[in-house]
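Let's take a walk through this protein together, one stop at a time. Keep the 3D view open and click on each residue as we get to it.

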Amino acid sequence: MKVCSIASGSSGNCIYIGSKEHHILIDAGISRKRIVEGLRNIGVEPEQLDGIFVTHEHSDHIQGIPMMAKQFGTPIYATGGTLDCICAKDTDGVIRRDSLFQVYADKPVGVGDFHITPYRISHDAAEPVCYSVEAQGHKVSIATDLGVYDEYTVENLAGSEILLLEANHDVSMLEAGSYPYSLKYRILGEQGHLSNEDSGRLLCRLMGSHLRYVFLAHLSKENNYPALAYEAVKCQIWEEMGLKEVPFALEVAERDKPSALVSL
(Lines give C-alpha, C1' and ligand atoms only; values in the text may rest on other atoms or scores of the structure.)
Protein backbone atom coordinates (compact mmCIF):
# COMPACT_ATOMS: atom_id res chain seq x y z
CA MET A 1 0.00 0.00 0.00
CA LYS A 2 1.02 3.58 -0.66
CA VAL A 3 -0.04 6.77 1.14
CA CYS A 4 0.45 10.45 0.34
CA SER A 5 -1.03 13.43 2.11
CA ILE A 6 -1.79 15.75 -0.82
CA ALA A 7 -3.02 18.43 1.60
CA SER A 8 -3.87 18.50 5.27
CA GLY A 9 -4.98 21.36 7.47
CA SER A 10 -7.90 23.48 8.52
CA SER A 11 -8.00 24.98 5.01
CA GLY A 12 -8.20 21.72 3.06
CA ASN A 13 -7.68 17.97 3.29
CA CYS A 14 -7.00 15.28 0.70
CA ILE A 15 -5.28 11.95 1.32
CA TYR A 16 -4.26 9.43 -1.36
CA ILE A 17 -4.17 5.69 -0.63
CA GLY A 18 -3.11 3.27 -3.33
CA SER A 19 -2.23 -0.34 -4.08
CA LYS A 20 -0.70 -1.86 -7.21
CA GLU A 21 -3.94 -1.67 -9.16
CA HIS A 22 -6.32 0.60 -7.27
CA HIS A 23 -6.42 4.17 -6.01
CA ILE A 24 -8.71 6.12 -3.66
CA LEU A 25 -8.84 9.48 -1.94
CA ILE A 26 -9.99 10.21 1.56
CA ASP A 27 -11.66 13.64 1.23
CA ALA A 28 -11.24 16.20 -1.53
CA GLY A 29 -11.20 19.50 0.31
CA ILE A 30 -8.93 21.38 -2.09
CA SER A 31 -9.35 22.46 -5.71
CA ARG A 32 -9.55 19.98 -8.57
CA LYS A 33 -6.33 21.50 -9.95
CA ARG A 34 -4.38 20.83 -6.76
CA ILE A 35 -5.77 17.30 -6.50
CA VAL A 36 -4.76 16.50 -10.08
CA GLU A 37 -1.29 18.00 -9.60
CA GLY A 38 -0.81 16.04 -6.38
CA LEU A 39 -1.86 12.78 -8.02
CA ARG A 40 0.32 13.28 -11.07
CA ASN A 41 3.32 14.04 -8.86
CA ILE A 42 3.07 10.46 -7.58
CA GLY A 43 2.36 8.95 -11.00
CA VAL A 44 -1.41 8.58 -10.74
CA GLU A 45 -3.89 9.97 -13.26
CA PRO A 46 -7.21 11.25 -11.88
CA GLU A 47 -9.09 8.90 -14.21
CA GLN A 48 -7.55 5.99 -12.32
CA LEU A 49 -9.32 6.86 -9.06
CA ASP A 50 -11.73 4.18 -7.89
CA GLY A 51 -13.49 6.57 -5.53
CA ILE A 52 -13.38 9.44 -3.06
CA PHE A 53 -14.38 8.51 0.49
CA VAL A 54 -15.70 11.56 2.34
CA THR A 55 -15.46 11.94 6.10
CA HIS A 56 -18.02 14.77 6.43
CA GLU A 57 -19.50 17.75 4.62
CA HIS A 58 -17.39 20.68 5.88
CA SER A 59 -15.86 22.63 3.01
CA ASP A 60 -12.26 21.73 3.87
CA HIS A 61 -13.21 18.13 3.06
CA ILE A 62 -15.49 18.47 0.01
CA GLN A 63 -14.39 21.57 -1.92
CA GLY A 64 -13.04 19.63 -4.91
CA ILE A 65 -15.75 16.99 -5.12
CA PRO A 66 -18.09 18.66 -7.67
CA MET A 67 -15.35 19.21 -10.24
CA MET A 68 -13.74 15.79 -9.67
CA ALA A 69 -17.14 14.15 -10.16
CA LYS A 70 -17.98 16.29 -13.19
CA GLN A 71 -14.68 16.05 -15.04
CA PHE A 72 -13.62 12.51 -14.19
CA GLY A 73 -16.82 10.80 -13.08
CA THR A 74 -15.16 9.81 -9.82
CA PRO A 75 -17.49 7.78 -7.55
CA ILE A 76 -18.22 9.48 -4.23
CA TYR A 77 -18.70 7.41 -1.05
CA ALA A 78 -20.08 8.85 2.18
CA THR A 79 -22.70 8.29 4.85
CA GLY A 80 -26.30 9.19 4.10
CA GLY A 81 -26.16 12.34 6.20
CA THR A 82 -23.00 13.51 4.45
CA LEU A 83 -24.39 12.73 0.99
CA ASP A 84 -27.53 14.73 1.75
CA CYS A 85 -25.39 17.73 2.71
CA ILE A 86 -23.18 17.38 -0.38
CA CYS A 87 -26.27 17.33 -2.60
CA ALA A 88 -27.78 20.32 -0.80
CA LYS A 89 -24.61 22.31 -1.45
CA ASP A 90 -24.50 21.23 -5.12
CA THR A 91 -26.98 23.94 -6.18
CA ASP A 92 -25.81 23.83 -9.82
CA GLY A 93 -26.48 20.10 -10.11
CA VAL A 94 -22.90 19.31 -11.09
CA ILE A 95 -22.74 15.93 -9.33
CA ARG A 96 -24.57 13.05 -11.00
CA ARG A 97 -26.65 11.24 -8.41
CA ASP A 98 -25.67 7.84 -9.84
CA SER A 99 -22.06 8.59 -8.86
CA LEU A 100 -22.99 8.76 -5.15
CA PHE A 101 -22.73 5.67 -2.95
CA GLN A 102 -23.84 5.41 0.66
CA VAL A 103 -21.64 3.84 3.32
CA TYR A 104 -22.52 2.88 6.88
CA ALA A 105 -20.41 3.04 10.02
CA ASP A 106 -18.92 -0.35 10.96
CA LYS A 107 -19.95 -1.94 7.62
CA PRO A 108 -16.88 -2.58 5.42
CA VAL A 109 -16.94 -1.63 1.75
CA GLY A 110 -14.99 -3.45 -0.95
CA VAL A 111 -13.44 -1.32 -3.71
CA GLY A 112 -10.94 -3.15 -5.87
CA ASP A 113 -8.55 -4.86 -3.49
CA PHE A 114 -9.36 -2.40 -0.69
CA HIS A 115 -11.36 -3.34 2.40
CA ILE A 116 -12.58 0.02 3.72
CA THR A 117 -14.28 0.35 7.10
CA PRO A 118 -16.00 3.60 8.09
CA TYR A 119 -16.12 4.28 11.82
CA ARG A 120 -18.01 6.96 13.74
CA ILE A 121 -16.28 10.09 15.00
CA SER A 122 -17.36 12.85 17.36
CA HIS A 123 -17.57 16.02 15.28
CA ASP A 124 -20.16 18.71 14.60
CA ALA A 125 -21.33 17.41 11.23
CA ALA A 126 -24.37 15.55 9.94
CA GLU A 127 -23.09 11.95 10.07
CA PRO A 128 -19.29 12.04 10.21
CA VAL A 129 -16.97 9.05 9.92
CA CYS A 130 -13.31 8.33 9.37
CA TYR A 131 -11.89 5.30 7.61
CA SER A 132 -9.52 2.38 8.05
CA VAL A 133 -8.28 0.85 4.80
CA GLU A 134 -6.84 -2.65 4.48
CA ALA A 135 -5.22 -4.35 1.48
CA GLN A 136 -2.47 -6.86 0.84
CA GLY A 137 -2.19 -7.62 4.56
CA HIS A 138 -1.59 -3.97 5.50
CA LYS A 139 -3.72 -1.35 7.28
CA VAL A 140 -3.85 2.43 6.95
CA SER A 141 -6.13 4.62 9.07
CA ILE A 142 -7.31 8.21 9.10
CA ALA A 143 -8.27 9.86 12.40
CA THR A 144 -9.03 13.57 12.05
CA ASP A 145 -11.81 15.92 13.14
CA LEU A 146 -12.12 14.11 16.45
CA GLY A 147 -13.66 16.09 19.28
CA VAL A 148 -12.79 13.19 21.57
CA TYR A 149 -11.64 9.61 21.22
CA ASP A 150 -12.76 6.54 23.15
CA GLU A 151 -12.29 2.76 23.21
CA TYR A 152 -14.27 2.45 19.99
CA THR A 153 -11.81 4.80 18.27
CA VAL A 154 -8.82 2.89 19.63
CA GLU A 155 -10.29 -0.44 18.50
CA ASN A 156 -10.78 0.84 14.95
CA LEU A 157 -7.24 2.24 14.74
CA ALA A 158 -5.56 -0.78 16.35
CA GLY A 159 -3.13 -2.57 14.06
CA SER A 160 -2.61 0.39 11.73
CA GLU A 161 0.82 0.54 10.12
CA ILE A 162 0.33 4.04 8.72
CA LEU A 163 -1.80 6.53 10.66
CA LEU A 164 -2.88 10.06 9.82
CA LEU A 165 -3.76 11.52 13.19
CA GLU A 166 -5.17 14.94 14.01
CA ALA A 167 -3.02 17.36 15.99
CA ASN A 168 -5.16 20.40 15.36
CA HIS A 169 -4.23 22.99 17.94
CA ASP A 170 -2.13 24.10 20.86
CA VAL A 171 -4.58 24.80 23.68
CA SER A 172 -2.71 27.87 24.98
CA MET A 173 -2.50 29.42 21.51
CA LEU A 174 -6.19 28.82 20.96
CA GLU A 175 -7.24 30.23 24.33
CA ALA A 176 -5.09 33.34 23.93
CA GLY A 177 -5.90 33.87 20.25
CA SER A 178 -8.34 36.12 18.45
CA TYR A 179 -11.09 33.58 17.77
CA PRO A 180 -14.48 34.48 19.27
CA TYR A 181 -15.42 32.58 22.40
CA SER A 182 -18.06 30.53 20.58
CA LEU A 183 -15.49 29.19 18.10
CA LYS A 184 -12.96 28.44 20.84
CA TYR A 185 -15.69 26.56 22.72
CA ARG A 186 -16.55 24.55 19.60
CA ILE A 187 -12.93 23.57 18.87
CA LEU A 188 -12.25 22.59 22.48
CA GLY A 189 -15.54 20.72 22.84
CA GLU A 190 -16.43 17.07 22.39
CA GLN A 191 -17.42 17.67 18.76
CA GLY A 192 -14.42 19.80 17.86
CA HIS A 193 -10.78 18.88 17.26
CA LEU A 194 -7.94 17.05 19.01
CA SER A 195 -5.18 19.12 20.59
CA ASN A 196 -1.49 18.27 20.23
CA GLU A 197 -1.47 16.70 23.69
CA ASP A 198 -4.58 14.62 23.00
CA SER A 199 -2.97 13.42 19.79
CA GLY A 200 0.06 12.26 21.77
CA ARG A 201 -2.16 10.53 24.34
CA LEU A 202 -4.01 8.64 21.62
CA LEU A 203 -0.73 7.61 20.02
CA CYS A 204 0.35 6.13 23.35
CA ARG A 205 -2.72 3.89 23.19
CA LEU A 206 -1.78 2.72 19.70
CA MET A 207 1.91 2.10 20.24
CA GLY A 208 3.24 -1.24 19.01
CA SER A 209 5.60 -2.93 16.59
CA HIS A 210 3.01 -2.71 13.81
CA LEU A 211 2.93 1.11 13.80
CA ARG A 212 5.52 2.28 11.30
CA TYR A 213 4.57 5.76 10.14
CA VAL A 214 2.49 8.59 11.62
CA PHE A 215 1.46 11.81 9.92
CA LEU A 216 0.30 14.56 12.28
CA ALA A 217 -2.60 16.04 10.35
CA HIS A 218 -5.25 18.76 10.15
CA LEU A 219 -3.16 21.44 11.88
CA SER A 220 -4.82 24.78 12.50
CA LYS A 221 -3.17 27.63 10.65
CA GLU A 222 -3.95 30.11 13.44
CA ASN A 223 -3.53 27.96 16.56
CA ASN A 224 -0.64 25.62 15.82
CA TYR A 225 2.48 25.24 13.75
CA PRO A 226 4.38 22.14 12.59
CA ALA A 227 7.38 22.28 14.92
CA LEU A 228 5.15 22.84 17.94
CA ALA A 229 2.84 19.94 17.07
CA TYR A 230 5.81 17.64 16.45
CA GLU A 231 7.53 18.47 19.74
CA ALA A 232 4.32 18.46 21.80
CA VAL A 233 3.38 14.97 20.59
CA LYS A 234 6.90 13.66 21.22
CA CYS A 235 6.89 15.19 24.72
CA GLN A 236 3.54 13.60 25.51
CA ILE A 237 4.87 10.20 24.48
CA TRP A 238 8.00 10.74 26.58
CA GLU A 239 5.90 11.78 29.58
CA GLU A 240 3.51 8.82 29.37
CA MET A 241 5.71 6.08 27.94
CA GLY A 242 9.20 7.16 28.98
CA LEU A 243 10.37 7.10 25.35
CA LYS A 244 12.77 9.87 24.38
CA GLU A 245 12.57 8.79 20.73
CA VAL A 246 9.37 7.61 19.10
CA PRO A 247 9.62 4.06 17.68
CA PHE A 248 8.09 5.02 14.32
CA ALA A 249 8.61 7.64 11.64
CA LEU A 250 6.83 10.86 12.62
CA GLU A 251 6.03 13.62 10.14
CA VAL A 252 3.76 16.65 10.04
CA ALA A 253 1.48 16.69 6.99
CA GLU A 254 1.60 20.12 5.38
CA ARG A 255 -1.32 22.20 4.17
CA ASP A 256 0.30 23.62 1.04
CA LYS A 257 2.28 20.77 -0.46
CA PRO A 258 2.13 16.97 -0.69
CA SER A 259 4.07 14.70 1.60
CA ALA A 260 6.46 12.07 0.37
CA LEU A 261 4.81 8.89 -0.89
CA VAL A 262 5.06 6.32 1.91
CA SER A 263 4.95 2.65 0.95
CA LEU A 264 4.44 -0.56 2.89
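Grid points are joined across faces, edges and corners, and the volume is the space filled by probe spheres set on the points. What you're looking at is a predicted model, where local features need pLDDT of at least 70 and side-chain atom pairs count only at pLDDT 80 or more, while totals for chains, interfaces and linings use all residues. Residues are numbered from 1 along each chain as its sequence is written, and side-chain values use heavy atoms, with hydrogens and water left out.

So, how many cavities of 30 Å³ or more does the structure hold? There is one. The largest cavity has about 70 Å³ of space in it. Its lining is made up of S8, N13, I15, I26, D27, H61, I142, T144, L164 and A217.

Let's stop at one of those lining residues, D27. You'll find D27 in the loop between strand β3 (23-26) and helix α1 (32-41); helices (H or I, at least four residues) and strands (E, at least two) are DSSP runs, numbered from the N terminus. D27 is buried, and buried means under 20% relative accessible area, with exposed over 50% and partly exposed in between (1.4 Å probe, protein chains only). Even so, D27 has no salt bridge, which would take a side-chain nitrogen of Lys or Arg within 4 Å of a carboxyl oxygen of Asp or Glu. The nearest side chain of opposite charge is K89, 11 Å away (Lys and Arg count as positive and Asp and Glu as negative; His and the chain ends are not counted). What does the side chain of D27 reach at 2.8 Å? That would be the backbone nitrogen of T55. Not counting residues up to four places away in sequence, D27 touches several others, including N13, I15, H56 and H61; contact here means heavy atoms within 4.5 Å.

Now hop over to D145, in the loop between β10 (138-143) and α5 (151-157). D145 is buried yet has no salt bridge, and R186, the nearest side chain of opposite charge, sits 6.1 Å away. Which side chains make polar contacts with D145? H123 does, at 3.3 Å, and H218 does too, at 3.3 Å. (A polar contact is a pair of N or O atoms within 3.5 Å; within protein, one must be able to donate a hydrogen and the other to accept it, and residues adjacent in sequence count only if both atoms are side-chain atoms.) Leaving aside neighbours within four places in sequence, the contacts of D145 also take in H56, H61, E166 and H193, among others.

Next, a look at helix α8, residues 196-206. Its buried residues are N196, S199, G200, L202, L203, C204 and L206. An α-helix has 3.6 residues a turn, so residues three or four places apart point the same way. The elements covering the buried residues of α8 include α5, β11 (162-166), β12 (213-217) and α9 (226-241).

In one of them, E151 and R205 meet at 2.8 Å, N to O. Because E151 lies in helix α5 and R205 in helix α8, the pair ties together parts that are 54 residues apart in sequence. E151 is partly exposed at 44%, and R205 is partly exposed at 41%. Another salt bridge joins R97 and D90, with the closest N and O atoms 3.3 Å apart. Is each partner buried or exposed, or in between? R97 is partly exposed at 44%, whereas D90 is buried at 8%. K257 and E254 form a salt bridge too, at 3.9 Å between the closest N and O atoms. There's also a network, in which salt bridges that share partners join D198, R201 and E240.

Last stop: backbone angles. D106 has a positive phi of about 75 degrees although it is not a glycine, and D106 lies in the loop between β6 (100-102) and β7 (109-111). Q136, also not a glycine, has a positive phi of about 55 degrees, and Q136 sits in the loop between β9 (129-135) and β10.

Note on methods:
On a 1 Å grid over the protein atoms alone, a cavity is a set of points where a 1.4 Å probe fits but cannot get out, and a pocket is an open set with protein on both sides within 12 Å along at least five of seven lines; lining residues have an atom within 4 Å of a point.
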